[in-house]
Amino acid sequence: MRRKLIALSSAAVAVALMASACSSSKSSGNAASGTGTTAAPSSNQLGTGGSGSTGSPITTDGKGKTVNIWLMQDAQKGWENVVDQANQRFTAETGAQVKINWQTWTNYGQTVDAAIGSSSAPDAMELGNTQTAKYIGANQLVDLTGDKSKFDNSSAWLDSLAASGASPDGSKQYAIPYYAGSRVLIYRKDLWDAAGVTTPPTTIDELKADLDKVKTANASKPNFSALYLPGQNWYTAISFGAGTYGVSGVIAKSDGTNFTGTMTDPKFLQGIQTWDDLQKNYSVGGATKDETDQDALMAKGNISAIIGNGWEAAQVYDPKVGDPTLKPDLAEIAVPGVTAAAPTPAFLGGSNLAVPSKAANSKLGEEWIRIFTDTTSMKLLAQKAIPNNKTQIDDYIAADPANKATGDAAKGVTWFIPNSPNWAPADETQLKTAFGQIASGQDPATVLKSLQDSILKDLNS
């Protein structure tokens with residue numbers, strides 16, 4: 001049964017999850033530093049479960065020491081209370097103090113490269129999920145496999161985040177999931193209502209029928225997109241391919257030794273054809289654009305729907321960069337799939353936490369991560385962002401009903417890039433270019449064969 005459309009009114013989605021889809025192409029900049037230790041947490045911060053940690057302590061020998069933690073400013077701006085209470089509990093348990101060095105994503109890859117193999121390596125650090133494999137492959141992260149059970153909810157970690165912190169075959173865990181961002185369909189309820197669409201689509205066929213109505217109702221508007229799908233938004237294109245092929249080994253799959261390509265598989269091509277039909281029939285995004293400014297474009301009034309991170313809705317109605325009058329008219333749903341029971345798989349962006357092999361206080365760094373990602377910390381984080389495990393997605397949805405679409409997408413079937421240290425920023429550039437070529441009218445099978453050959457050369461080098 002198709003549900004009634006619900007307007008978006010979420011405070012939580014206003015948090016811009018800048019770690020989403022972070023890649024090793026991001027390079028490093030200077031970081032401001034400071035201690036995250038402030039006043040002791042209140043009972044409200046800690047929650048009803050006391051420490052909330054069911055995992056066993058990893059070490060308690062920290063008296064006289066200070067651990068150096070690198071975190072992104074996303075936490076400082078969005079959930080510093082989560083950091084503060086974790087620091088307090090860590091110090092109470094170990095006797096060690098905490099110094100938080102706040103980082104930015106700009107040029108972060110270069111900053112990590114310079115520090116991770118040196119005597120100045122932090123004791124624990126945040127990594128974008130597409131960065132992590134590089135450092136796993138270089139043997140620059142501590143193997144946490146033996147302690148995995150000590151981390152709360154480790155059996156329920158979000159699939160793609162857990163995989164991004166593991167060895168390519170999944171047998172070893174080198175990084176702990178932190179938080180996620182998921183992509184959904186964000187749409188203008190007012191425009192859909194006016195076109196006679198009063199219940200959201202649950203399948204791709206329903207989506208096309210609804211977009212036809214919206215397109216017809218707005219035919220007099222110049223440059224109108226019923227669904228804005230810029231050609232170089234490869235995340236969305238691959239999602240449709242995964243919807244028909246499957247999420248295991250999407251783009252390329254490994255047998256433990258070599259990668260083989262999957263983008264020329266007929267089932268994958270079937271999904272790409274669906275994406276191509278949608279962008280050609282309903283979008284004026286063009287072949288040379290990506291999704292970077294789609295929220296700003298939607299705020300101008302000529303777009304009825306986009307596929308993007310949930311927080312992009314808040315950018316659409318942000319008074320500084322968007323149109324605040326649109327806030328009550330925005331809504332979100334999972335991107336419809338071939339069947340109502342199986343939405344189109346989302347790319348799950350986000351961040352991991354890891355201990356560099358060169359860390360001076362590696363066990364203390366690991367213990368800090370355990371506390372910062374335990375049930376109590378994730379319950380607090382869920383007020384602002386998607387937590388690292390499926391069990392506590394309910395906390396995220398309970399924080400605001402408008403979080404349901406992004407929460408369900410993260411909890412559901414998701415996909416991720418090939419987990420290889422040889423995955424390079426150039427591969428993502430090639431993906432953008434290739435899907436732009438398809439959007440311009442080139443044959444998908446031919447373009448993807450050439451793309452696949454090029455990516456496999458990198459993966460198997």
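Two strands count as paired when DSSP finds at least two bridges between them. The model shown in these views is predicted.

**Figure 1. Strand 5 and strand 8 run antiparallel.** Five bridges join strand 5 to strand 8, and five meets the requirement of at least two for a pair. Strand 5 covers residues 175-188, and strand 8 covers residues 305-309. Five of the five residues of strand 8 are buried, so strand 8 is largely enclosed by the rest of the structure.

**Figure 2. The whole chain, for orientation.** The chain has 461 residues, and 56% of these are buried. Its secondary structure comes to 18 helices and eleven strands. Among contacts between residues at least 6 apart in sequence, 80% join residues at least 24 apart. The accessible surface of the chain is about 17,500 Å², and carbon and sulfur atoms account for 50% of that area.

**Figure 3. The largest nonpolar core has 52 residues.** Leu185, Trp192, Ile238, Trp415 and Phe435 have the most contacts inside this core. Helix 9 (residues 234-245) gives the core its largest share, seven residues. A second, separate core has 34 residues, and Ile58, Ile69, Met378 and Leu381 are among them.

**Figure 4. The contacts of leucine 185.** Leucine 185 is one of the residues with the most contacts inside the largest nonpolar core.

**Figure 5. Serine 239 lies in helix 9.** Is serine 239 buried or exposed? Serine 239 is buried, because its relative accessible area is 7% and the cut-off for buried is under 20%. The side chain of serine 239 reaches the backbone oxygen of proline 345 at 3.2 Å. Leaving out residues up to four places away in sequence, serine 239 touches Thr344, Pro345, Ala346, Phe347 and Trp415. Of these, Trp415 is also named among the residues with the most contacts inside the largest nonpolar core.

**Figure 6. Helix 16 (residues 404-411) and its cover.** Which residues of helix 16 are buried? They are Ala405, Thr406, Gly407, Ala409 and Ala410. What covers them includes strand 5 (175-188), strand 9 (330-333) and strand 10 (346-354). Helix 15 (393-399) and strand 11 (414-415) also belong to this cover.

**Figure 7. Alanine 399 is in helix 15.** Alanine 399 has a relative accessible area of 33% and is partly exposed. Leaving aside neighbours within four places in sequence, alanine 399 is in contact with Ala382 and Gln383. Lysine 384 is 15 residues from alanine 399 along the chain, and the C-alpha atoms of these two residues are 8.1 Å apart.

**Figure 8. A salt bridge between glutamate 367 and arginine 370.** Side chains of opposite charge can pair when their charged atoms come close. The structure holds 17 salt bridges. In the one shown here, the distance from N to O is 2.9 Å. Both glutamate 367 and arginine 370 are buried. Both lie in helix 13 (residues 362-372), where they are three residues apart, about one turn of the helix. Glu93 joins Glu367 and Arg370 in a network of salt bridges.

**Figure 9. A salt bridge between aspartate 453 and lysine 449.** The side chains meet at 2.7 Å, N to O. Because aspartate 453 and lysine 449 are four residues apart in helix 18 (residues 444-459), about one helical turn separates them. An α-helix has 3.6 residues a turn, so residues three or four places apart point the same way. Aspartate 453 is partly exposed, with a relative accessible area of 34%. Lysine 449 also counts as partly exposed, at 41% relative accessibility.

**Figure 10. A salt bridge between aspartate 190 and arginine 188.** The distance from N to O in this salt bridge is 2.8 Å. Arginine 188 is buried, with a relative accessible area of 7%. Aspartate 190, at 26% relative accessibility, counts as partly exposed.

Conventions
Residues are numbered from 1 along each chain as its sequence is written. This is a predicted model: local features need pLDDT of at least 70, side-chain atom pairs count only at pLDDT 80 or more; totals for chains, interfaces and linings use all residues. Side-chain values use heavy atoms; hydrogens and water are left out. A salt bridge is a side-chain nitrogen of Lys or Arg within 4 Å of a carboxyl oxygen of Asp or Glu. Buried means under 20% relative accessible area, exposed over 50%, partly exposed in between (1.4 Å probe, protein chains only). Contact means heavy atoms within 4.5 Å. Accessible areas come from the Shrake-Rupley method with a 1.4 Å probe; for residues, only the protein chains shown count as cover. A nonpolar core is a set of buried Ala, Val, Leu, Ile, Met, Phe, Trp, Tyr and Cys residues joined through side-chain atoms within 4.5 Å. A polar contact is a pair of N or O atoms within 3.5 Å; within protein, one must be able to donate a hydrogen and the other to accept it, and residues adjacent in sequence count only if both atoms are side-chain atoms.
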